[in-house]
Amino acid sequence: MMTRLLAADQSFRVIPIMGMQGMGKTTLAKLIFNNKVVAHHFPSRAWPSTTASSTIGDSRQILLDIIKKLMNCEMRVTTYAVCSNEHEEMMQKLEAFFMDNRCLIVMDDPSNFFYWNSLLKVIADTSNGSRMIWITRKMSIPPNLTSISTDPHPLRLRTDEESWAMFTHALKVSIPSELHVLKKKIVRRCGGLPLLIDKFAEELSHKDATIEEWSNALDQPYHDQEKVWSSTLYRIYKDLSLHMRRCLFSLIIFPPDFDIPLRRLITFWVAEDMVEIEDKNEAPEDVAERCLNLLIAQGMVQVANKKLNGNVKTVRLPHALRQYWLSKAQEATALGNPIYTRSELFPGNDMIHRLVDHLDKDDITFDHIHGGHNTSSTSLTQHYRDVLSFRSFDNQEKLEPAQYIGNFLGRCISSSCFLLLQVLDLENVFRPKLPEALGKLTQLRYLGMRSTFLEKLPSSISKLQNLQTLDIKHTNINTLPDSIWELQQLRHLYLSEGYRSKLKPRPSIGCLTTLQTLCGLFVDEETPIRDGLNRLLSLRKLGLAMPSQRKAMSSQVEVVTEWVQNLKHLRSLRVKSISEDYEAWDLELKRLTGHLNLSCIYLFGRLRNPSIVSQFPLSLIDLTLSGSELTKDPMQLLDKLPNLRSLKLYAKSYLGKSMHCSKGGFPQLRVLKLWKLDQLEEWKVEKGALQALRDLEITYSDRPLVVPKELLDRSPLLKIDIVELDQ
């Protein structure tokens, strides 16, 4: 916001701050308005006492207030005059003043302001760098502001860590260590909304700081929530398209304390055709992600956690919205349907639409899934014939495989149920046994087995010709059947890197031409790269590991290098070159400047061509180097990357003795991690370098690296962690 406000652009600009009630829009604007640098840059500033306008008289008073604050002069006008010379006089005064003075005006949710066009007319053509901050709950820019506004600054619901930081700052008492166990409950109760965080902190400030008192407060109904969220509920039903509402409502099937991974949600929406695709050339995953970002911007979905580079990692439905919809569902059940289930039913009957296992023993589906060997075929058909998705959240740590899943699936399939199934998501369920009859689920699009430690896939998987996503990351599957090549609709394939997952050579027919994601692939001498994988040029995400370059691997390495060079749609690249004892080995790569969409790079291995570090694309956001053994200062090679937000230099990535960060370097870098750079003795940071840095972590084993004074002086904006390795 400050950068936009103080930019050298001399044209008049409106900077919109958007967000629902209680999001902190006015608080942010006040911090900016009262900033000393801003006050010096804008000698004339005006923030009308009120911008609520219901009559022409109200609007006239707002205009007078602006004149008074800008010019420090009073004007007497006829309050109820609709058109008069007085109005023209006001506009002439303002126009003359705007021409000679750089001004800042804040309009706080100016609903029904009668003189918008008049005010904009006299200020829009000025060329002295004047600005207007426009605060609004609406998520769209009015037509009369479109040409003169910057990109809006939407405020989102705060993450858990941001919420806790805000809560502890607002609390008027210190928090005993034993009360930290309530952190999770507190931040989820407030739903990431600053207004509710402040109010709850104020409430707890007047209570005894004990587990009992605070727990009681958490269990009490929070009446302010319904009032604050009512406008959001109104916008959900009035403004959202049917597709966006379906996407939003789908979040309620996840457990209340569950943080939903972004990649899991996006593939779920795509598999169930929830997003509306208007441009056939646009990937459905991009449409789904844009839909999610819109819901986040409007305060309807909360970001639970972010990645180090600032991108969304996990999301959840805000607590208040979940409670509201659950209460409505309970009302509907009380009025009509006597069946209790946390799954989603088709309207008007007992047929289950989306089957969800929350391990709730009162749920009618529990016995069917976890026991129910005597459940009749008729009973199964009654409930599960038309199920479109099945998810289990059985994340309990177990020693015995979850064979009940295979038994339940087998009984349902033999009873002609699940034949319309599109999503089978068993992530984190320990070793679910998949029946061979899985191949009958020909409508299946998403098969999620991540973190299940599954040991094999049924051979009938080749019959799943509509499968779009196969996720076997963190399983014990090291070789996929060659029939995997026959899955012509497959878009995302996640393999188990830790278990050295491999692909068999490509048969004479079949090629994964639609594949966009290939992660966790282990490349050895037999991996079908040439005339196989190297034909997959639509990949957007690639992650692979190669063993040390034995003579037999040299030709494979060359083909892989050329393949990566040709992947022009690549957004994320992860390459590891490892020895037999998992140490960094020689890594061959060519320059990547032509990869205009590449935003994330992870390289593990000794760079045979270290000059590529200075040839990374300008689109790069996240960079990790490990074992690279660079001898030239990486800070001097990387500091001109304009979008780099996260830089991690791990063990042996740099072997030099000094690093130097120049003025103006790393303009967007927020996270910097320096781990075990044992040769490094000196680090110099010039004033004006690393201006956006917020998180610095230094890990050492022999001697600590001295943090430059320029960075130490930035506390508390900069968080600094220095960790001794053996601790």
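Helices (H or I, at least four residues) and strands (E, at least two) are DSSP runs, numbered from the N terminus.

What you have here is a predicted model, where local features need pLDDT of at least 70, side-chain atom pairs count only at pLDDT 80 or more, and totals for chains, interfaces and linings use all residues. Residues are numbered from 1 along each chain as its sequence is written, and side-chain values use heavy atoms, with hydrogens and water left out.

Begin at helix H2, residues 25-33. Which of its residues are buried? They are Lys-25, Ala-29, Ile-32 and Phe-33. Looking down the axis of H2, you'd find these buried residues within an arc of 95 degrees, so they line one face of the helix. (The arc is that of the directions from the helix axis to the C-beta atoms.) On the other side of H2, Thr-27 and Leu-31 are exposed. And what covers the buried residues? Counting a contact as heavy atoms within 4.5 Å, the cover includes helix H1 (2-5), strand E1 (13-18), helix H3 (36-41), strand E2 (44-46), strand E3 (103-108) and strand E4 (131-136).

Follow the chain on from E3 and you reach Tyr-115, in the loop between E3 and helix H6 (116-123). Tyr-115 counts as buried, at 2% relative accessibility. Tyr-115 and Lys-184 are 69 residues apart in sequence, and their C-alpha atoms are 47 Å apart in space. After H9 comes Gly-191, with a positive phi near 65 degrees.

Now for the cores. A nonpolar core is a set of buried Ala, Val, Leu, Ile, Met, Phe, Trp, Tyr and Cys residues joined through side-chain atoms within 4.5 Å. The largest one here has 105 residues, and the members that touch the most others are Phe-390, Phe-418, Leu-470 and Trp-683. Helix H19 (residues 403-414) supplies the largest share of this core, six residues. There is also a second, separate core of 74 residues, which includes Leu-155, Leu-182, Val-228 and Ile-296.

Ser-416 sits in the loop between H19 and strand E12 (423-425), and has a positive phi of about 60 degrees although it is not a glycine. At 45% relative accessibility, Ser-416 is partly exposed. Phe-453 is another non-glycine residue with a positive phi, near 60 degrees. Phe-453 lies in the loop between strand E13 (446-448) and strand E14 (469-471) and is partly exposed, with a relative accessible area of 39%.

The loop between E13 and E14 also holds Ile-461. How accessible is Ile-461? At 1% relative accessibility, Ile-461 counts as buried. Its contacts, not counting residues up to four places away in sequence, are Leu-447, Leu-470, Pro-481, Ser-483 and Leu-487. Ile-461 and Thr-442 are 19 residues apart in sequence and 9.5 Å apart in space, C-alpha to C-alpha.

On to the cysteines. If a disulfide is a pair of cysteine sulfur atoms within 2.5 Å, the count is zero. For Cys-412, the nearest cysteine sulfur is that of Cys-417, 5.2 Å away, and Cys-412 is buried at 0% relative accessibility. For Cys-519, which is buried with a relative accessible area of 13%, the nearest cysteine sulfur belongs to Cys-600 and is 10.0 Å away. Cys-511 is in the loop between strand E17 (502-503) and strand E18 (517-522), and counts as buried at 12% relative accessibility. The C-alpha atoms of Cys-511 and Trp-485 are separated by 5.5 Å, with the two residues 26 apart along the chain.

Conventions. Buried < 20%, exposed > 50% of the residue type's maximum accessible area, 1.4 Å probe, protein only.
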